[in-house]
Amino acid sequence: MTMSLETKLVVSSIALLATVCAVIATATTLLFHDFLTDRLDRQVTSAVRRSTSAAAQRDDPPPEAREVSFLLSPGQAEGTFGARIRQGVVRRAAVLTGISTVRELPAPPSLATVSRAPVTVDLGPLGDYRMAAARTPDGDVLVTGLPMTAVDSMLTRLVVVEAAVTLAGVALTAAAGTLLVRRAVRQLGRQRAGEHGVHAQPAAGPDPEVVFCAELSRPFRGLSVTGRPPVLPFSGSCRVK
């Protein structure tokens with residue numbers, strides 16, 4: 001299928017705009033993801049400090065919060081994950097569901113590999129968490145984590161906005177580009193038609209003297225006796241053909 005010049009120009013413009021928008025959107029999404037993750041990591045570090053401070057106080061926790069009583073320390077947000085590891089064995093893992101209430105969770109196998117640097121751990125139905133660990137004075141390791149739900153939600157909204165802006169830009173470019181290209185091609189066609197008209201003007205007519213001699217010698221045709229065209233007495237330049 002052969003595309004017209006107008007179609008080729010419009011399609012090329014749309015493809016260029018879509019490529020530029022895709023590159024910008026990808027770079028923006030990656031940078032925003034890093035920014036949100038860094039901010040969440042700072043929040044996780046603060047939650048780890050609260051956990052270790054609460055574990056050092058050795059207050060009497062409620063029975064349902066034993067081994068993870070650090071989740072009940074002031075400042076811990078709802079949805080905070082906590083686990084206690086003693087001698088490489090996870091004693092208990094839970095998530096804070098409200099004020100002074102926790103819900104026990106099965107510990108994921110990757111929990112023992114969590115270190116001071118925040119890492120992402122999949123908690124199954126709860127989604128991904130950013131977690132970090134810290135050691136208490138008695139040798140236990142406390143793992144504290146925060147959900148990445150807010151990060152994923154903000155990134156999803158950003159991608160939706162980027163897609164909507166890109167589609168709107170492509171649609172506007174297609175409409176405006178079609179009009180502009182048609183106008184430009186129409187003007188180019190008029191210029192070409194004008195140049196063709198100038199070159200197609202008819203050539204100059206025959207020499208008037210030749211026409212005069214031909215008409216003048218017409219009555220004397222066939223009067224030559226010697227076989228050569230006779231010389232006309234009234235014109236030295238005209239001979240009978």
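**Reading the sheet and cores of a predicted model**

Read along the sequence, the protein follows the pattern α-β-β-β-β-β-β-α-α, and this is a predicted model. Its secondary structure comes to 3 helices and 6 strands.

Me: Why is valine 68 called buried?

Reply: The relative accessible area of valine 68 is 0%, and buried means under 20%, so valine 68 counts as buried. This residue lies in the loop between α1 (5–57) and β1 (81–86).

Me: What makes Gly82, Ala83, Arg92 and Ala94 contacts of valine 68?

Reply: A contact requires heavy atoms within 4.5 Å, and, once the neighbours within four places in sequence are left aside, valine 68 is in contact with Gly82, Ala83, Arg92 and Ala94. A separate value concerns alanine 55, which is 13 residues from valine 68 along the chain, with 8.7 Å between the two C-alpha atoms.

Me: Why are β3 (101–104) and β4 (119–122) said to stand at the edges?

Reply: The 6 strands form an open sheet in the order β3-β2-β1-β6-β5-β4, with antiparallel pairing. Both β3 and β4 have a single partner strand, so one side of each is left without a neighbour in the sheet. From one strand to the next, the twist averages 35°.

Me: Where does α1 lie relative to the sheet strands?

Reply: The helix α1 lies across β1, β5 and β6, and runs at about 140° to β6.

Me: Which residues of the largest nonpolar core touch the most other members?

Reply: Within this core of 15 residues, they are Phe81, Leu111, Val114, Met131 and Val143. Two or more residues of the core come from each of β1, β2 (89–98), β5 (128–135) and β6 (141–147). Apart from this core lies another, of 10 residues, among them Leu40, Leu146, Val151 and Leu155. In soluble globular proteins, nonpolar side chains tend to be buried together.

Me: What does methionine 131 touch?

Reply: Not counting residues up to four places away in sequence, methionine 131 touches a list of residues including Val44, Phe81, Leu111, Val114, Val121, Leu123 and Val143.

Me: How many of the residues of the protein count as buried?

Reply: Of its 241 residues, 29% count as buried. The accessible surface comes to about 15800 Å², and 62% of that area belongs to carbon and sulfur atoms. Among the contacts with a separation of 6 or more, 48% are accounted for by residues 24 or more positions apart.

Conventions:
Residues numbered from 1 in each chain as written. Predicted model: local features only at pLDDT ≥ 70, side-chain atom pairs only at ≥ 80, totals over all residues. Heavy atoms only, no water. Helix = DSSP H or I, 4+ residues; strand = E, 2+ residues; numbered from the N terminus. Buried < 20%, exposed > 50% of the residue type's maximum accessible area, 1.4 Å probe, protein only. Core = buried A, V, L, I, M, F, W, Y, C linked by side-chain atoms within 4.5 Å. Pairing = 2+ DSSP bridges. Axes fitted to C-alpha atoms, helices over the stretch in contact; angles between N-to-C directions. Areas by Shrake-Rupley, 256 points an atom, 1.4 Å probe, with all protein chains shown as cover.
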